[in-house]
Amino acid sequence: MQFRILAAAAALALTAVPADAQTRPLVVGQGFLTDSLDPAQGVAGWALQSHGVAETLFTVDREGRIVPNLAESVRRDGESFIIRLKPDLKFADGSLLDATALKASLDRATKENPRARGQIGTPALDVLNARELRLRPERPVAAIESVLAEFPLAIHKFDGTNASMTGPFRAVEFKRGESLRLEPNPFYRDVASRPAVTIRRIGDAQTLALGLESGEVDIAFNLAPETLPRLKRRPELTIKSTPVAYQYMALLNTQRAPFDDVKVRQAVDLAIDRSMLIAAANGGETATGMFPRVFPFASESPRKHDAREAEKLLDDAGWKAGANGQRMKDGRALEFTLTTYPQRPDLVTIAPVIRASLERIGFRVRIEVTEAISPQLQAKRYDAALWAMHAAPGGDGAFVFEQYLRSTSATNFMSFASAPVDAALDRLREIDAAPARAAALKGIEQLVFAQAPVVYLMTPVWHVGLSKRAASYVPYPSDYYVLRADLRASP
Amino acid sequence: MPRAAIAEGLRALLLLWLASLAAFAVVRAMPADPAVLSLVAFGQAADPDTVAALHREWGLDQALPLQYAAWLGDFLTGDWRRSFKTGAPILDEFAKRLPVSLIVGFGGLFVALLAVGPLARGAAKRPNGWAARVLDAATLGAQAIPAFWLGCLLLWFFAVELRVIDVLGEGPARYVLPILIVAFTGLGPLAQVYRAGLAEVSRADYFRTALAKGADPDTALEAQGGRYARLGLSAALTAEAGWVVGGTAVVEVVFGLPGLGTFLVDSIAMRDYFVLQAYIVVAAAWMLAIAFVAAGARHLLDPRLR
């Protein structure tokens, strides 16, 4: 009897046959899914923008430039800005997106979401005509285009129950934590050429690869490097890899030995062989600084690798190598813990390679993998930590410097304090023009290089697996725009 | 009897109140500020104004005793607050996710129990027979093979190689492999306990006497030792059932099941205070319920307790 029940359970498993691949919508597998269909709630605006449902007034293009999106232009008018909308814009419910609707959207976003208020406070908004709105931020804003590209200001119309947005897709069915079914927005250009899409949240990297192999997933976003050799052997699949706007780096806690000594930090910067990191991660580019090369304000020269110079710096700092190669000073070994986290598998992969580079010049390095790195960083309970972040989410580089390197910032995890850097950031707040801002950012970058509170490692490539139906998909260099208007499906 | 029941009830309420206090204290003692974490995770400015605004929105700007009192009051009246991360009512999330975890957890234990009897009886009768070998291998395998690895292997075999199931399956079929994995991990400990109980009885004088009187070994073992072995099994089952709430996270992640485990993992990383506090209280209530049921089972199985 008991075995019969077991057999019945197994038979139940065999009844689930894959759906017809020709009739189903394109299935996108990825690790994240919106928590809400209201872009004014929490961080839903970010996910909805990534899903191709929400849009902002400005956006960041493939080259990392901020470009108009729903807005045609924005111009300064004293302490205010005049936003001019593109003509004939519509929400997914067919209603017009005019200046009055734009005002309602910005009003609601800043009222409902503290993150939106973090961008422009509670602004004064005046409708000038059908296409123009005057926006006066509560506090001074330099790079307004960048602010208007931020997800908390996603444009939407709320009818008291549902939010309607302007992206190329609109939501049809939402299962929180599981899936989101989308159909082409009928009021967006080229509606007939876009397929229906189902986004499935798949939290495990191996499951994502298996879903692609089994034919259930058409676009597998951000595949783990270790799955690539297996997937590349399947002729029906295409793997596309693209450098992204994220940067991998090592944060050094300047309040803790040995990284309270700038020479030790500089030695780490010089000692790491980035080409080995790239080999281990199955692709990528040597970092030139805080920003991936896609951005116009990125530094040009790759970070230098010179182990001999690194050794000299350590000698100068008083860390002398013993017979076994281990460096000591005043009876203390040159050692630290390198913390990393599994949510970015690449970082776990490259940690031993970093250790090898550093142990070659006399460091002793312990590797620690933690499930929740952010709390550890915030509590500053670490020596050195590997970290991945989008370097310019709004298309402007000032943001990360302000957040990570200003001495008073809550997210200055390195406890880095530099008066010249703070002063340079103050000056940057007064600069509007993009070329001048780029030059200023590069200047700040040089100041940071000299102090090395952060060791920039590499710009990763992300791997997207595609079925035959989705083979024309072109990955964007970030996860901010996974689904876009150019999505097509082959028959 | 009513007095004893009232005393037990009061004791349970006291334990739950202590659990709520411990939940609040432990969660709030965790390093890091959820507002800053939430902003950093999505590349936003953690400036003091925005952090303060989030604190106000989440009610974290009050003194801790006031926060505790307000939270407990809301919790008892059914308002479990909203998740910092998802913005959704926590009670709704629990109501939706708990059944998923219970199906996987209890489904696994049920399937394991189906196999416990035959394997344990076979192993008790013939310590070197096939049942004993299978049981030892299952016990060792459950300890040595990580659930996520086993899950990926099964998915690869059934979904990719044989293509008889969906990786992203819908409906009841999606629960089959997760349940089998939980059953696999639970089978060894449960069957070993049952086997030990039967083996102990099989060495007892009264059992040998029964055999000497001509009783059938299988029937005699069940008749003489079944109740005793099930008593031990109920204790082991209590321990296994205790972690059903939230303990199936690995399987849920691999198979993409929206259960309580995955919600909990995300919530820990984001310091989602109200989710974690609610979970600890629910887990405590669950353990009390399981202990209550187990006590009832022991009462039925052990005549000495009556």
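**Close-up 1. The largest nonpolar core of this predicted model.** This core holds 207 residues, and the ones touching the most other members are Ile350(A), Phe363(A), Trp387(A), Leu405(A), Tyr456(A), Leu457(A) and Phe94(B).

**Close-up 2. Phe363(A) and its contacts.** Here we zoom in on Phe363(A), one of the residues touching the most other members of the largest core. Skip the neighbours within four places in sequence, and Phe363(A) is in contact with Val264(A), Val268(A), Leu314(A), Gln326(A), Leu334(A), Phe336(A) and Leu358(A).

**Close-up 3. Helices H14 and H15 of chain A.** The axes of H14(A) (residues 419-428) and H15(A) (residues 434-451) come within 10 Å and cross at roughly 170°. On the H14(A) side, the contact is made by Pro420(A), Val421(A), Ala424(A), Leu425(A) and Leu428(A). H15(A) brings Arg437(A), Ala440(A), Leu441(A), Ile444(A), Leu447(A) and Val448(A) to the contact. Sort the residues of this contact by type and you get 10 nonpolar, one charged and no polar.

**Close-up 4. The hairpin of strands S10 and S11 in chain A.** S10(A) (residues 169-175) and S11(A) (residues 179-184) run antiparallel, joined by six bridges. Ala171(A) stands opposite Leu182(A) of S11(A). Three residues lie between the two strands, and Gly177(A), in the turn, has a positive phi of about 80°.

Conventions. Residues numbered from 1 in each chain as written. Chains lettered and ligands numbered in written order. Predicted model: local features only at pLDDT ≥ 70, side-chain atom pairs only at ≥ 80, totals over all residues. Heavy atoms only, no water. Axes fitted to C-alpha atoms, helices over the stretch in contact; angles between N-to-C directions. Helix = DSSP H or I, 4+ residues; strand = E, 2+ residues; numbered from the N terminus. Contact = heavy atoms within 4.5 Å. Nonpolar A, V, L, I, M, F, W, Y, C, P; charged D, E, K, R; others polar. Core = buried A, V, L, I, M, F, W, Y, C linked by side-chain atoms within 4.5 Å. Buried < 20%, exposed > 50% of the residue type's maximum accessible area, 1.4 Å probe, protein only. Pairing = 2+ DSSP bridges.
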